[in-house]
Amino acid sequence: MFCEKAIELIRELHRVSDGQLPAFNEDGLRQVLQEMEALYEQNQADVSEAKAAGRADLIPSIKLRHCCLLRNQRCVVAYLYDRLLRIRALRWEYGSVLPANVRFHMSAEEVQWFGQYKKSLASFMRSIGGQEGLDVTQDMKPPKSLYIQVRCLKDHGEFEIDDGTVILLKKNSQHFLPRWKCEQLIRQGVLEHVMS
Amino acid sequence: MSDALSEDGSDINQDDSEEDVMTPAELIAKLEQAWLNEKFSPELLENRSEVVECVMEQLTHMEANLQRVKKGDAKAGFHRMEIDRIRYVLSSYLRSRLQKIEKHFPHVLEREKSLVEGQPSLLSPEEFAFAKEYYTNTETYLKAVALKRMPPNLQAVDMLKAVPEPCLDSFVFLRVKKRQENILIEPETDEQRDFVVDLEEGSQHLMRYRIVAPLVSSGAVQLI
């Protein structure tokens with residue numbers, strides 16, 4: 001049946017739990033494009049035949065193939081666009097450097113799209129106010145307390161806080177640090193908020 | 001407001017292009033109103049870049065004042081919290097806007113393009129640049145990866161049709177700031193008939209956004 005492969009692409013994304021990015025299905029995409037090429041050529045042939053030999057009986061199949069072509073186009077674009085939305089969410093979740101296992105699932109063009117997106121975003125953020133701008137990917141939650149207890153999950157080296165003190169972030173060490181300095185490190189998985 | 005602000009209250013508003021000089025408290029109240037409206041409205045609202053700029057200046061002043069406070073002084077903690085709270089509201093406001101711009105990008109650009117001379121801009125110049133870049137980036141990607149490999153008559157996608165429009169019929173909670181008379185409520189279904197309501201000052205309602213959209217932009221109601 002026509003459009004089966006295209007629906008499979010959609011189902012693949014639907015199956016993966018919210019936000020996760022499965023590997024780019026290069027093969028699946030190619031198969032849909034091939035089906036589209038075949039349908040189009042058949043239609044080209046039938047259209048000429050219908051015109052030349054007055055074969056109006058070919059028209060229903062021409063229409064059917066055209067609908068399938070539109071369906072395939074719509075499914076492919078939906079598949080690609082939904083992936084872009086998931087990739088966009090990654091910028092907000094992980095910051096501008098994506099974890100290797102995620103990048104592995106992205107096609108070269110997706111990596112390029114991501115690069116362009118974070119450049120646009122950075123430009124926009126820098127332009128806020130009049131001076132150095134504002135990082136709107138920070139402050140994702142309303143501030144509840146000034147300082148928080150954090151545990152270091154991996155070695156991260158030296159970390160400087162506002163009053164000049166330098167902290168050594170060694171695995172398993174615990175610190176009492178200003179919340180706003182830790183946000184990004186918490187999201188990256190370097191620190192863990194300890195709630196006692 | 002705190003001590004840290006009142007010392008510099010006069011400086012902040014001097015280079016304001018607005019005629020009314022706002023106190024810091026009024027400025028933050030305006031920011032919060034814009035933030036709530038933007039958060040709860042299904043469509044992108046008019047840009048408030050003057051408020052954004054003033055708040056950024058405010059934050060810079062507050063940070064500078066904080067540096068001057070003696071270390072270990074209990075006040076420093078409160079000032080810090082206040083700065084963080086304001087920065088959170090401002091970030092959240094800008095994020096709401098960015099999310100809507102991205103979600104409805106062809107429609108947002110179309111609305112901006114079809115503005116009549118004299119009508120206020122929906123997008124700030126920077127947001128406009130961001131929206132255009134987002135559009136171009138996405139269109140280029142789709143073309144390169146799929147569209148140009150499709151049959152000749154299927155190589156374009158109408159973005160305005162492909163990307164959904166904001167749903168203006170979503171319901172919103174609102175509080176009435178200025179009494180409104182004779183608001184026409186159009187029927188949702190064929191069985192209903194349209195009717196007219198008066199909105200009393202201070203009252204709260206749950207209505208379709210489409211009906212109150214002009215009232216939100218004029219400031220007559222506040223979304224909550």
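Modeller: A pocket is an open set of points on a 1 Å grid over the protein atoms alone, with protein on both sides within 12 Å along at least five of seven lines, a 1.4 Å probe fitting at each point, and its lining residues have an atom within 4 Å of a point. This is a predicted model, in which local features need pLDDT of at least 70 and side-chain atom pairs count only at pLDDT 80 or more, whereas totals for chains, interfaces and linings use all residues. Residues are numbered from 1 along each chain as written, chains are lettered from A and ligands numbered from 1 in written order, and side-chain values use heavy atoms, without hydrogens or water.

Biologist: What volume does the second largest pocket have?

Modeller: Of the 29 residues that line this pocket, those closest to its centre are A:Tyr81, B:Lys103, B:Ala162, B:Val163 and B:Pro164. The space filled by probe spheres set on its points comes to about 800 Å³.

Biologist: Which helix gives the largest share of the lining of the second largest pocket?

Modeller: Helices are DSSP runs (H or I, at least four residues) numbered from the N terminus. Helix H3 (59–94) of chain A, together with H5 (74–103), H7 and H8 (159–162) of chain B, each supply at least two lining residues. The largest share, seven residues, comes from H3(A).

Biologist: At what angle do H2(A) and H3(A) pack?

Modeller: Axes are lines fitted to C-alpha atoms over the stretch in contact, with angles from 0 to 180 degrees between N-to-C directions. H2(A), residues 26–53, and H3(A) have axes 9 Å apart, and they are roughly antiparallel (an angle over 145 degrees). They pack at about 155°.

Biologist: How many nonpolar residues does the contact of H5(A) with H7(B) have?

Modeller: The axes of H5(A), residues 108–126, and H7(B) come within 10 Å and cross at roughly 175°, and the two helices are therefore roughly antiparallel. A:Trp113 and A:Tyr117 are among the residues of H5(A) in contact (heavy atoms within 4.5 Å) with H7(B), where B:Phe130 and B:Tyr134 are included. Ala, Val, Leu, Ile, Met, Phe, Trp, Tyr, Cys and Pro count as nonpolar, Asp, Glu, Lys and Arg as charged, and the others, Gly among them, as polar. Beside four polar and five charged residues, the nonpolar ones number eight.

Biologist: Which residues of H6(B) make the contact with H7(B)?

Modeller: The axes of H6(B), residues 105–113, and H7(B), residues 125–145, come within 10 Å and cross at roughly 130°. On the H7(B) side, B:Phe128, B:Ala131 and B:Tyr135 are among the residues that take part. From H6(B) come B:Phe105, B:Pro106, B:Leu109 and B:Glu112.

Methods. Angles under 35 degrees count as roughly parallel, over 145 as roughly antiparallel, 65 to 115 as roughly perpendicular and the rest as oblique.
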